[in-house]
Amino acid sequence: MKKNITQNIGFFLLFACIIATLFFLGTIIYFIFTRGIQIISWEFLTQPPRNAMTEGGVAPVIVGTLYLTLGAMVFAVPLGLACAIYLCEYSPKSIVVNIIRISINNLAGVPSVVFGLFGLAVFVNFLNFGVSILSGSLTLGILALPLIISASQEALVAVPHSIREASLSLGASKWETIKRIVLPTALPGILTGVILSIGRVAGETAPILFTAAAFYKRGYPKSIFSEVMALPYHIYALMTEGTHPDKQKAIAYGCSLILLFLVLFISGIAIYLRQRQRSYHG
Amino acid sequence: MDSNIKMRADKVNFFYGSTQALKSVNINIFKNQVTALIGPSGCGKSTFIRLFNRMNELVVNTRLTGKIYIDSQDINLLCIDAVDIRRRVGMVFQKPNPFPKSIFDNIAYGLRVNGIKDKNFIEERVIQTLKKAALWDEVKCRLKESALGLSGGQQQRLCIARCLAVETEVILFDEPCASLDPISTGKIEELILELKKDYTIVIVTHNMQQAARVSDFTGFFLLGELIEFGKTSDIFTAPKDKRTEAYITGRFG
Amino acid sequence: MNYKRIKEKIYKWIFTVLAFSSLFFLVGIMIVLFKEGTPIFKDVGFFKFLFGSKWYPTYEPPDFGILPLILGSIWVTAGAIIVCVPLGVGSALYLNELAGFRQRQFLKPIIELLASIPSVVYGFFGMVIVTPFLQKTFNLPTGLTALNASLILGLMATPTVCSIAEDALSYVPRSFREASFAVGANRWQTLTRVVIPAAGSGISTAIILGMSRAIGETMTVLMVAGGAGVIPKTFLDPVRPMTSAIAAEMGEAPMGGDHYHALFAIALILFLITFVFNIIAEIISRRFRIKLGLSG
């Protein structure tokens with residue numbers, strides 16, 4: 001019965017692994033939730049900061065994150081989708097296209113701080129947009145681009161070839177087939193990819209460090225050329241700068257909770273959608 | 001040219017890369033008749049009918065020589081748009097391939113992409129074609145439901161109805177019953193005989209009994225060549241070629 | 001030519017242009033890194049830059065040796081691997097082998113969801129909870145150490161590793177297991193001798209991608225690694241991995257100066273490292289798919 005003893009020990013270890021994983025990750029959420037909830041109030045969500053970031057709320061910070069995320073999506077979704085459509089539908093199958101596919105996959109794994117440097121060199125300095133919402137959005141957009149391209153490509157490839165043929169055989173042109181058959185069928189998959197990348201972009205800090213973020217900015221951003229406060233950067237800045245570490249820490253807890261909630265909520269929608277698609281396709 | 005000839009292939013060769021799939025095929029397809037193409041798998045019959053609506057253009061690295069005519073017009077001329085050809089020559093595929101849309105939208109699709117916007121007209125045409133495809137009674141209460149909920153046989157009749165709606169002149173059937181049960185197959189065959197009045201029909205099939213049941217003319221393909229072509233009754237009772245005889249009597253295939 | 005055909009051409013043209021402009025951005029990243037990074041190699045010398053043991057970019061004269069930063073990254077990544085491989089792969093095995101259908105339907109999305117927690121939140125947690133804990137436990141001058149960064153990074157990479165590894169495990173055909181049971185192996189033997197070897201390359205892809213994520217992660221290490229740019233001696237020393245050097249110093253480096261170029265050069269090296277990791281992962285996962293008879 002030695003065989004079964006080994007099995008029991010082995011299975012116990014595996015069980016311990018998942019319990020440990022869930023425990024540690026749960027701990028993070030627990031701490032941030034219980035401490036963060038103490039500071040969150042209506043005022044915290046709707047007021048600008050006061051008294052050198054030690055009192056008041058974080059409304060402009062939340063708004064800043066929304067602007068940056070929105071800007072990134074406005075830029076990345078059409079471009080990424082167009083790129084995926086071109087690669088799946090229009091491009092001839094060749095070695096060049098394959099290389100392009102592989103490099104897109106690879107770019108999805110490039111460290112986000114590298115994207116930040118690119119944004120700094122190109123948008124902030126070369127194009128002279130300065131440290132601004134525009135620079136930050138474009139940088140985040142480029143970070144999201146490979147994610148959106150590969151998710152859209154996956155969704156487009158999953159559309160059966162037979163219904164494209166059916167559409168063409170009825171006298172629909174290629175574009176009509178794409179617009180009326182391929183895109184609607186691939187839409188849930190594309191949407192999932194886009195939502196996941198929203199979650200990712202909203203939580204990214206490194207790309208906006210030198211392209212968009214400011215620790216303190218009075219009031220709400222006025223144009224796309226103004227610097228902006230953003231939740232992830234704000235958490236970092238509260239913990240490393242400023243003069244009232246304790247009060248700032250409390251605010252950082254609040255910001256972390258808001259960010260965590262935001263990102264988990266967005267990603268939750270995407271994962272729910274994906275789960276539903278999986279079970280739909282059997 | 002004989003006015004009874006709807007489509008004609010003239011010395012057609014077709015290549016996938018360096019493999020030759022069709023070797024100098026000549027054939028006449030007669031108007032308002034059913035022409036069956038039979039032969040073992042991989043003999044080029046499916047490739048061949050896809051030339052009549054230029055579907056092979058979608059496959060990369062292929063080459064065509066020779067001419068294909070519809071109503072004495074060369075369809076591969078540069079000035080002719082494949083889209084226009086496909087509107088005139090409909091196709092029903094091996095596996096039913098309804099769009100993931102409602103039954104109604106499946107039929108209306110062809111009309112809409114051809115620029116028809118009149119709602120009443122579309123609705124009338126949808127009803128009319130569903131009736132023609134003998135599907136109306138089964139689906140009239142659930143036109144707004146997804147076509148994917150239909151059975152395989154119903155889906156295939158829907159695909160036929162989809163062709164009828166755009167008023168094609170020719171319908172190409174590429175093994176339409178390959179994935180269907182005998183009862184559904186029977187319904188499709190009845191439909192084909194019914195449609196013959198208004199359309200020119202070409203059907204590729206593996207099933208020789210089916211060819212004998214529905215067709216007026218039969219062509220036998222082997223390894224990319226059209227071995228024999230003639231009246232179905234002649235081919236099945238008195239084949240001229242040894243290979244045709246061998247295939248029909250079931251010695252290979 | 002009719003109207004429709006022209007429209008069709010225009011659409012194709014638009015998509016081609018848009019596709020290539022997005023590729024232009026992606027290629028642009030490489031160009032910028034090379035253009036802004038390589039000047040430092042000319043000034044300092046490639047090997048001296050890579051293997052120099054002193055990183056004092058703001059001294060007069062400055063020292064640009066990034067060995068301490070590279071070692072910092074390696075230490076932290078290695079530590080993260082020690083944490084995330086057992087946890088991630090173990091959890092994946094549990095989910096695939098032991099969890100019932102319902103439990104798995106429930107836990108898999110949760111693990112995927114946890115993979116989306118932003119890194120700055122992990123960093124924050126590391127600073128406020130783990131740091132004081134480590135400081136007290138080991139009686140250290142500071143809790144911001146390589147150990148802290150390793151723990152947090154490892155924890156952060158765990159859901160990613162688990163999710164990818166579980167995907168790989170679920171691709172192993174049921175017939176493999178059945179064949180093993182049929183000769184009298186128990187579940188554990190089947191798991192260790194049939195399932196794990198069959199999914200081995202898939203699992204290694206998961207580990208490599210986890211490593212790639214750990215080595216490129218910025219905010220967490222910036223917040224909890226301590227930031228000392230010297231060669232670390234133990235896990236309880238503070239370190240300054242490459243990513244955190246870039247993030248911390250870019251703000252002060254004058255544009256176009258040596259320091260600026262040096263930071264871009266670090267980014268270039270980082271880019272190449274993750275590029276190699278990803279290529280390896282790609283190759284292994286392609287082989288894996290071929291081995292299991294899935295389409296490449």
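Helix axes are lines fitted to C-alpha atoms over the stretch in contact, and angles run from 0 to 180 degrees between N-to-C directions. The model is predicted: local features need pLDDT of at least 70, side-chain atom pairs count only at pLDDT 80 or more, and totals for chains, interfaces and linings use all residues. Residues are numbered from 1 along each chain as its sequence is written, chains are lettered from A and ligands numbered from 1 in the order in which they are written, and side-chain values use heavy atoms, with hydrogens and water left out.

**View 1. Helices α7 and α9 of chain C cross at roughly 150°.** The axes of α7(C) (residues 146-170) and α9(C) (residues 187-216) come within 8 Å. Helices (H or I, at least four residues) and strands (E, at least two) are DSSP runs, numbered from the N terminus. The crossing angle makes α7(C) roughly antiparallel to α9(C). Angles under 35 degrees count as roughly parallel, over 145 as roughly antiparallel, 65 to 115 as roughly perpendicular and the rest as oblique. The crossing is right-handed. A crossing is right-handed if the near helix is turned clockwise from the far one by less than a right angle, and left-handed if anticlockwise. On α7(C), the contact residues include L153(C), M156(C), T160(C), I164(C) and L169(C). On α9(C), V195(C), G202(C), I203(C), L209(C) and R213(C) are among them. Contact means heavy atoms within 4.5 Å. By class, this contact has 14 nonpolar, three polar and one charged residues. Ala, Val, Leu, Ile, Met, Phe, Trp, Tyr, Cys and Pro count as nonpolar, Asp, Glu, Lys and Arg as charged, and the others, Gly among them, as polar.

**View 2. Helix α1 of chain A meets helix α5 of chain C.** The axes of α1(A) (residues 2-39) and α5(C) (residues 101-114) come within 12 Å and cross at roughly 50°. That angle makes α1(A) oblique to α5(C). The crossing is left-handed. α1(A) contributes I18(A), L22(A), L25(A) and I29(A) to the contact, and α5(C) contributes L107(C), I111(C) and L114(C). The contact has seven nonpolar residues, no polar and no charged ones.

**View 3. A four-stranded open sheet in chain B has the order β2-β1-β4-β5.** The pairing is antiparallel. Two strands pair if DSSP finds at least two bridges between them. β2(B) (19-30) and β5(B) (73-74) stand at the edges, each with a single partner strand, so one side of each is left without a neighbour in the sheet. Strand β1(B) (residues 5-16) pairs with β2(B) over eight bridges. Within that pair, I5(B) has F30(B) as its bridge partner. The β1(B)-β2(B) hairpin has two residues between its strands, and G17(B) takes a positive phi near 60° there. β1(B) is also joined to β4(B) by eight bridges, again antiparallel. F14(B) stands opposite L64(B) in β4(B).

**View 4. K6 and D71 of chain B form a salt bridge.** The closest N and O atoms are 3.0 Å apart. A salt bridge is a side-chain nitrogen of Lys or Arg within 4 Å of a carboxyl oxygen of Asp or Glu. K6(B) lies in strand β1(B) and D71(B) in the loop between β4(B) (62-70) and β5(B), so the pair ties together parts that are 65 residues apart in sequence. Over all chains, the structure holds 28 salt bridges.

**View 5. A six-stranded open sheet in chain B has mixed pairing.** The strand order is β6-β7-β8-β3-β9-β10. β6(B) (89-92) and β10(B) (225-231) are the edge strands, and each pairs on one side only. The twist averages 15° from one strand to the next. β7(B) (residues 170-174) and β8(B) (residues 200-204) run parallel, joined by five bridges. F173(B) has I203(B) in β8(B) as its bridge partner. Helix α6(B) (residues 152-165) lies across β6(B) and β7(B), running at about 175° to β6(B). Helix α7(B) (residues 182-195) lies across β3(B) (34-38), β7(B) and β8(B), at about 150° to β8(B).
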